[in-house]
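I opened my notebook to look around a new structure and jot down what I found. Come along and check each entry for yourself.

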Amino acid sequence: MTTDATDALDAHRRRNLDAVLGAFAGIAAGDADRQLAHYTDDLVIDLPYSSPPKRLEGREAARAFLAGALQVFELHLTVDEVHPGLDPDEMVLEFSGTGTHRETGAPYTNRYVGIFAFRDGRIRFQREYYDTSAIPGRT
């Protein structure tokens, strides 16, 4: 993560970024509940590039999807760039992922752009864009 971008964040925006970093730690641990601990109960995760596109609304829908995804991939996400919004509860993040497709052992790398919105220091909305050709079995 670029130090300059995070050093310039005020305490409110830093708390929001920490929610994302906590969610990413849950992903790295392969633990959907740990990831979701950083989201609001009425969360929305929008994945317009998944096949088929998905819009997950609420904790239970997100848990079911994420638990399955974490069975497919071992994944570590790293924030590369932080773009704070004018609204302190919105930010755009560029991040990278590295890991392994569990079934095949194939390495996985990807770059992402995520649009995040927050409430009370938790993620309430996430829209994620990524390169679908990097996913094993997809072109």
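This is a predicted model: local features need pLDDT of at least 70, side-chain atom pairs count only at pLDDT 80 or more; totals for chains, interfaces and linings use all residues.

**Entry 1: Asp46**

I started with Asp46 and looked up its contacts; leaving out residues up to four places away in sequence, Asp46 touches Lys54, Arg55, Phe125, Gln126, Arg127 and Glu128. Asp46 sits in strand β1. Is Asp46 buried or exposed? Its relative accessible area is 12%, and Asp46 counts as buried because that value is under the 20% cut-off.

**Entry 2: The overall layout**

Next I stepped back to see the whole chain. I found four helices and six strands. Read from the N terminus, their order is α-α-α-β-β-α-β-β-β-β. The chain has 139 residues, and 41% of them count as buried. I then looked at contacts between residues at least 6 apart in sequence, and 50% of these join residues at least 24 apart.

**Entry 3: The nonpolar core**

How many residues does the largest nonpolar core have? I noted 31, and those with the most contacts inside it are Ile45, Leu93, Phe116 and Ile123. At least two core residues come from each of α2 (11–28), α3 (32–36), β1 (39–47), α4 (59–72), β3 (73–84), β4 (90–101), β5 (107–119) and β6 (122–130). The top contributor is α2, which gives six residues.

Setting aside neighbours within four places in sequence, I found Phe116 in contact with Val20, Asp89, Glu90, Met91, Leu93, Phe95, Ile123, Phe125 and Gln126.

**Entry 4: Asn110**

I moved on to Asn110, which is in strand β5. Asn110 has 6% relative accessibility, so this residue counts as buried. What does its side chain pair with? I found a polar contact of 2.9 Å between the side chains of Asn110 and Tyr108. A polar atom of the Asn110 side chain also lies 2.9 Å from the backbone oxygen of Asp131.

**Entry 5: Two backbone spots**

I wanted to check the backbone too. Most residues other than glycine have a negative phi, and most peptide bonds are trans. With that in mind, I looked up two places.

The peptide bond from Ser51 to Pro52 is cis, and its omega is near -5 degrees. Pro52 belongs to the loop between β1 and β2 (54–57).

Asp120 has a positive phi, near 55 degrees, and is not a glycine. I located Asp120 in the loop between β5 and β6. At 65% relative accessibility, Asp120 counts as exposed.

**Entry 6: The largest pocket**

Last, I looked for pockets. The largest one has a volume of about 600 Å³. The largest share is from α4, with five residues. I sorted the lining by class and got 19 nonpolar, five polar and three charged residues.

Methods:
Residues are numbered from 1 along each chain as its sequence is written. Side-chain values use heavy atoms; hydrogens and water are left out. A nonpolar core is a set of buried Ala, Val, Leu, Ile, Met, Phe, Trp, Tyr and Cys residues joined through side-chain atoms within 4.5 Å. Buried means under 20% relative accessible area, exposed over 50%, partly exposed in between (1.4 Å probe, protein chains only). Contact means heavy atoms within 4.5 Å. A polar contact is a pair of N or O atoms within 3.5 Å; within protein, one must be able to donate a hydrogen and the other to accept it, and residues adjacent in sequence count only if both atoms are side-chain atoms. On a 1 Å grid over the protein atoms alone, a cavity is a set of points where a 1.4 Å probe fits but cannot get out, and a pocket is an open set with protein on both sides within 12 Å along at least five of seven lines; lining residues have an atom within 4 Å of a point. Grid points are joined across faces, edges and corners, and a volume is the space filled by probe spheres set on the points. Ala, Val, Leu, Ile, Met, Phe, Trp, Tyr, Cys and Pro count as nonpolar, Asp, Glu, Lys and Arg as charged, and the others, Gly among them, as polar.
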